[in-house]
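Subject: Structure handover and what was found in it

Dear colleague,

Here is the structure I promised to pass on to you.

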Amino acid sequence: MRKIIFVTGNPHKVREASDILSHVGITVEQNNCGYPELQEDELEPIARFGARWAADKLNREVMVDDSGLFIEALRGFPGPYSAYVFDTLGNARILKLMEGETNRRAIFRCVIGYCRPGGEPYLFSGEVTGEIADEMRGSGGFGYDPIFEVGGATFGEMEEEEKNRLSHRYAALSEFARWLKEKY
Ligand code: IMP
């Protein structure tokens, strides 16, 4: 089993990544050291900077995950500001912003950054298209899961295993695992 340090303060992300990567022989260990989160309009530079910064700080190979919810009717909001918007507005206010809106299409994106000490960071992206639900549903998952619907059910209503087969994180981590297998 190969072990990779996952630098994140979010235990839900660690749980999902552990589940997804365990199928390809990779174990994940959480490290909470944090990294400076750049203020950028895209997820990629945030993940790139974080991965390099954490690999150099810990002197270990690391991965980071930067994710965001992009709502079409809100022109991609909250996107890279998803964490801040979730903490300040939360799901109820997002639903309020979407009241009366017929275009409910939204995309969840995840960018995994991977870096070795002194090396160049590599990025792996995944996304899933869904819809913003009319109301919060389900108590599973975290963050925007209760308002993000795929095929009629919100991520919050799904078993963890089901979300982990459909999610933006699954798509990004699958790319990452494929690349790791080829390269090392
Ligand atoms: P960050 O990647 O930690 O910056 O997360 C951005 C925001 O999106 C945070 O509020 C997370 O809770 C939320 N988020 C990230 N991934 C997911 C997910 O898989 N489901 C629901 N919310 C998520």
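Strands here are DSSP runs of E of at least two residues, and they are numbered from the N terminus. By that rule Pro 78 belongs to strand 4. Please keep in mind throughout that this is a predicted model.

Pro 78 deserves a look for its backbone, as the peptide bond that joins Phe 77 to Pro 78 is cis, with omega at about -5 degrees. Two other backbone points concern residues with positive phi. Asn 59, which is not a glycine, has a phi near 55 degrees, and its place is in the loop between helix 2 (43–58) and strand 3. With a relative accessible area of 56%, Asn 59 is exposed, because the cut-off for that word is over 50%. Arg 75 also has a positive phi, of about 55 degrees, without being a glycine; this residue sits in the loop between strand 3 and strand 4, and it is exposed at a relative accessible area of 82%.

If neighbours within four places in sequence are set aside, Leu 173 is in contact with Ala 17, Ile 20, Leu 21, Met 63 and Ile 112. As a general background to both, nonpolar side chains in soluble globular proteins tend to be buried together.

The buried residues of helix 6 are His 168, Arg 169, Ala 172, Leu 173, Ser 174, Phe 176, Ala 177, Trp 179 and Leu 180. At the start of helix 6, a side-chain oxygen of Ser 167 comes within 3.3 Å of the backbone nitrogen of Arg 169. Ser 174 has a relative accessible area of 19% and is buried, because the cut-off is under 20%. Although Ser 174 and Ser 125 are 49 residues apart in sequence, their C-alpha atoms are 9.4 Å apart in space.

Which residues around the ligand come nearest to it? There are 15 residues around the ligand, and Lys 13, Ser 67, Asp 145, Lys 163 and Arg 169 are the nearest of them. A nitrogen atom of the ligand lies 2.9 Å from an N or O atom in the side chain of Arg 169, while a polar side-chain atom of His 168 is 3.2 Å from an oxygen atom of the ligand. On the backbone side, a polar atom of Tyr 144 is 3.0 Å from a nitrogen atom of the ligand. The protein covers 90% of the 480 Å² of accessible area that the ligand has on its own.

Asp 145 is found in the loop between strand 6 and strand 7 (148–150), and at 2% relative accessibility it counts as buried. Apart from neighbours within four places in sequence, Asp 145 is in contact with Gly 140, Thr 154, Phe 155, Gly 156 and Lys 163.

Two further places are worth noting. In strand 3, Gly 68 is buried, with a relative accessible area of 0%. Not counting residues up to four places away in sequence, Gly 68 touches Leu 43, Gly 79, Ser 82, Ile 107, Phe 108 and Arg 109. The C-alpha atoms of Gly 68 and Ile 20, which are 48 residues apart along the chain, are separated by 19 Å. In helix 4 (residues 90–97), the buried residues include Gly 90, Asn 91, Ile 94 and Leu 95, and among the elements that cover the buried residues of helix 4 are strand 3 (62–71), strand 4 (77–79), helix 3 (82–88) and strand 6 (122–132).

Definitions and conventions:
Residues numbered from 1 in each chain as written. Predicted model: local features only at pLDDT ≥ 70, side-chain atom pairs only at ≥ 80, totals over all residues. Heavy atoms only, no water. Contact = heavy atoms within 4.5 Å. Near = heavy atom within 4 Å. Polar contact = N/O pair within 3.5 Å; in protein donor to acceptor, adjacent residues only side chain to side chain. Areas by Shrake-Rupley, 256 points an atom, 1.4 Å probe, with all protein chains shown as cover. Buried < 20%, exposed > 50% of the residue type's maximum accessible area, 1.4 Å probe, protein only. Helix = DSSP H or I, 4+ residues; strand = E, 2+ residues; numbered from the N terminus.
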